[in-house]
Amino acid sequence: MTLSKSLYTKGIQCPKALWLKKVKSCVLTPPDEQAQAIFETGNIVGDLACQLFPDGKEVPYTTNYDEMMATTKEWVEDGVSNIYEATFSYEGILIMVDILKVEDDGVSIYEVKSSTEVKDIYLHDVSIQYYVLQNLGFSIKNASVVHINNEYVRGESLELDKLFKIVDVTSEVQSLQLNIPIILKEFETYLEDKVNEPDIDIGKHCNKPYECDAKNYCWKVQKQIPEYSIFNIFNLGSKKQVELYNQGIIDIEDIPADFDMTANQAQAVENYKSKANYIDKENIKAFLENLIYPIYHLDFETYQQAIPQYKGIKPFEQIPFQYSLHIEYEDGTLEHKEYLSKDSIDSRYELALKLFEDIPSDVTVLAYNMSFEKGVIKRLANLFPDLSSHLLAINENMQDLMTPFQKKWYVTPSMQGGYSIKYVLPALVPEFEKAYKELEGVQNGSQAMNTFANLSKLNKEEKQKMRTSLLEYCKLDTLAMVKVLESLKVIKT
């Protein structure tokens, strides 16, 4: 049996996922753009963390792992104090230690993660490294996880000792050692059978700690779980969901009428079974009457930096780079305004100033899930005192278009129990679902974020093309809000 530490942690999450990766990888879902972006962020964070342990040497990566191990062995013997990507193998288990600190009285393990906390799965990651090194005869002084400190606010320059937290996990890792041989034997038993998949049912482990790349195969292909099922109404792994699933009930149609549910769950089940819309006209009417024309439909696009590049930013803070604004007048006339930052510069002040100019302080501003937009504006107000009172006034006048759907004043079976724009828009304005799919380059928020973050890597022609795509996408977001509001007005009458 050959395993890397990533395969070991995959098996910890689900042995079936490990088996599929090793034996039947063709059924796995390839990583999407967001997963690739997370992977690239991890590499950047890993490289930067090495600077916490200076005067080190990085083992050059090659598919010839014997060569990497030979280089590691040579450097350990030569007394290199810090070795990055130190590579070892024991009984088929291959590990690459992010940072191995070598001292006369032993070695220390440092596993670097781009997250903001120590997750349980990281302990298993470090524990298999500890296991290999211990069995190779190393004296291990301690084992630690190095992760991002999300409370850190960047000043004029980056302070690595404040950006990173180093958490000693030695005792937790040591407590896992006795169980590792048992786990490895279990994995070996599964992997010896190249024909029969492990008999492991779907469950919470399909999503935690990560969404499994075998989920689509296990759920859609094998179990044939429909798009809208008991898993949409009852939380995965909850007592009620488990009870239904154990009875063989997956389709909402099959939920017994006397099954114990909350009022919202019962309403969702009833709406689906009846195939009828539920519309609370009185509350919708009251919501609409609270909106004063002209209405400013606002949507931000943001991105994040694991390593803050600009003063006053925390790691993974939502940084606005774009907004779209559709101004709707009472006679139905629409006016559109927009802003898109230049790449590779801190344009937060310019964006805030443009927002200041585009939105008066005394008008109705409409957003979908306004807590996001209000959070962006509040951070800008805190950052720029000269614009603060006006920006905060915009926040005070903001209304949430999500409210009628979140409060279940408008429910259709096609919304599948959800109230995000992802469910509401196709239900009320079906032609817009097609409109997003017809966009070139950018069709959703994740793509917008990744596209902007990577603009600096493009040539002039490609960059201009993607900037146009970003503008068209964000413009469609606020136009979609206009159309959703239009549908609510029709209901009111």
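Analyst: A residue is called buried when its relative accessible area is under 20%, exposed when that area is over 50%, and partly exposed in between, with a 1.4 Å probe and protein chains only. This is a predicted model, in which local features need pLDDT of at least 70 and side-chain atom pairs count only at pLDDT 80 or more, while totals for chains, interfaces and linings use all residues. Residues are numbered from 1 along each chain as its sequence is written, and side-chain values use heavy atoms, with hydrogens and water left out.

User: Is F300 buried or exposed, and how do you know?

Analyst: F300 has a relative accessibility of 3%, so it counts as buried. Y323, at 0%, is buried as well.

User: What makes the rings of F300 and Y323 a pair, and which kind of pair is it?

Analyst: Rings of Phe, Tyr and Trp (its six-membered ring) pair if their centres lie within 6.5 Å, and planes under 30 degrees apart count as stacked, over 60 as edge-to-face and the rest as tilted. A search of the whole structure finds 18 aromatic pairs. In the pair of F300 and Y323 the centres are 6.2 Å apart and the planes stand at 85°, so the pair is edge-to-face. It links distant parts of the chain, since F300 is in strand β9 and Y323 in strand β10, 23 residues apart; helices (H or I, at least four residues) and strands (E, at least two) are DSSP runs, numbered from the N terminus.

User: Which kind of pair do Y368 and F405 form, and why?

Analyst: Their ring centres are 6.4 Å apart and their planes lie at 25°, so this pair is called stacked. Y368 is in the loop between β12 and α15, whereas F405 is in helix α17 (residues 403-406), 37 residues apart in the chain. Both of these residues are buried.

User: How many disulfides does the model have?

Analyst: A disulfide is a pair of cysteine sulfur atoms within 2.5 Å, and by this rule the count is zero. The sulfur of C206 has its closest cysteine sulfur in C218, at 6.2 Å, which is too far for a bond. C206 is buried at 7% relative accessible area, and C218 is buried at 10%.

User: Where does K215 lie relative to W219?

Analyst: K215 lies over the face of W219, at 4.8 Å from the ring centre. A charge sits over a ring if NZ of Lys or CZ of Arg is within 6 Å of the ring centre and within 35 degrees of the ring normal. K275 is likewise over the face of Y272, at 3.6 Å from the ring centre.
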